[in-house]
Amino acid sequence: MPDPLPVMPKEALDRIRFDDRGLIAAVAQDCRNGRILMLAWMNAEALRATLASGYATYWSRSRNRLWRKGEESGNLQKVQSMRLDCDGDALVLQVDQIGVACHTGRMSCFFHRWQDGNWRITDDPLPDDVVARFRPQARVAPEERPSAASSDTLARLAGVIRMRRDADPERSYVARLLTRGADTILKKVGEEATECVLAAKDGAPERIVAECADLWFHCLVMLEHYGLAPQDVLRELERREGISGLDEKAARKAIGKDAVLEIDRKA
């Protein structure tokens, strides 16, 4: 339970310019990385409830009542600080987001980016069990987690890596790799591939598995850097299923030769 925020005296409340409905726009911002999470509305009662509990509480225009963010989903927002804009008609709540902010299962409600003349979706919803691990009351020991198909495991891990993208590079290894860019990530993939080969040469099963896990993990980071997902690789494997490896190799050689001939013609 977070500590209550200081009670707001009347003169401070009077500086807030509520609209003719008695509401003010409230933007929730992740206190750790500055990411904009969502926009909601507050009235004086919601503001008082937020200050009293330490959790973000808004006014639901559709339900016409107060609602504490995450009261049903568990995706609570612990308020760390609050800011009022220069005109007094908008608030920013800097919050510690538990779980995801958006009802679609994404970390932020702002997942549409204007790009190339259209709105592009930039983030995929995270699997429910990935989100659940970020809620303290839902965390379980690894041995208690149900087993899952390998594709589900890769998707969950990729979801965690995606969430780490906006984390503090000083505190997150994944964030540090993604911040430093392709050269650092590719160097790590090369190092882990070498370690995997050396483990295989030694023939120790446990070490082979461990080094393969390291390699796969860094490949997932690489995929995230390039905007790809494990499902893209799995689809390619499914496409190749039932095709002779020799035929696949021959086809790629033929494509390569055609490309060289096309370059020669253009030259």
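1. The lining of the largest cavity is mostly a matter of nonpolar residues: by class it has five nonpolar, no polar and two charged residues. Here Ala, Val, Leu, Ile, Met, Phe, Trp, Tyr, Cys and Pro count as nonpolar, Asp, Glu, Lys and Arg as charged, and the others, Gly among them, as polar. The lining residues are Ala-158, Ile-161, Arg-162, Leu-220, Glu-224, Leu-228 and Pro-230. Helix H4 (150-164) and helix H7 (205-225) are the elements that each give two or more residues to this lining. H4 supplies the largest share, three residues.

2. This is a predicted model, in which local features need pLDDT of at least 70, side-chain atom pairs count only at pLDDT 80 or more, and totals for chains, interfaces and linings use all residues. Residues are numbered from 1 along each chain as its sequence is written, and side-chain values use heavy atoms, with hydrogens and water left out.

3. How many cavities of 30 Å³ or more are there? The count is one. The largest cavity holds about 30 Å³ of space. A cavity is a set of points, on a 1 Å grid over the protein atoms alone, where a 1.4 Å probe fits but cannot get out; lining residues have an atom within 4 Å of a point. Points are joined across faces, edges and corners, and the volume is the space filled by probe spheres set on them. Rolling a probe the size of a water molecule over the atoms shows where empty space is left.

4. Now the whole chain. It has nine helices and eight strands. These are DSSP runs numbered from the N terminus (helices: H or I, at least four residues; strands: E, at least two). The chain has 267 residues, and 33% of them are buried. Buried means under 20% relative accessible area, with a 1.4 Å probe and protein chains only.

5. Buried residues in H7 are Glu-211, Leu-215, His-218, Leu-220, Val-221, Leu-223 and Glu-224. An α-helix has 3.6 residues a turn, so residues three or four places apart point the same way. Gly-227 follows H7 and has a positive phi, near 75 degrees.

6. Look at Met-38 in strand E2 (residues 36-42). Met-38 is buried, at 5% relative accessibility. Its C-alpha atom is 5.3 Å from that of Ala-28, ten residues away along the chain. Beyond four places in sequence, Met-38 touches residues including Tyr-58, Trp-67, Cys-109 and Phe-110. Contact means heavy atoms within 4.5 Å.

7. Asp-30 lies in strand E1 (residues 24-30) and is buried, with a relative accessible area of 3%. Leaving aside neighbours within four places, Asp-30 contacts Arg-35, Leu-37 and Val-95. Asp-123 sits in the loop between strand E8 (118-121) and helix H3 (128-132). Asp-123 also counts as buried, at 16% relative accessibility. With the neighbours within four places again set aside, Asp-123 contacts Arg-35, Arg-106 and Phe-111.

Key. On a 1 Å grid over the protein atoms alone, a cavity is a set of points where a 1.4 Å probe fits but cannot get out, and a pocket is an open set with protein on both sides within 12 Å along at least five of seven lines; lining residues have an atom within 4 Å of a point. Buried means under 20% relative accessible area, exposed over 50%, partly exposed in between (1.4 Å probe, protein chains only).
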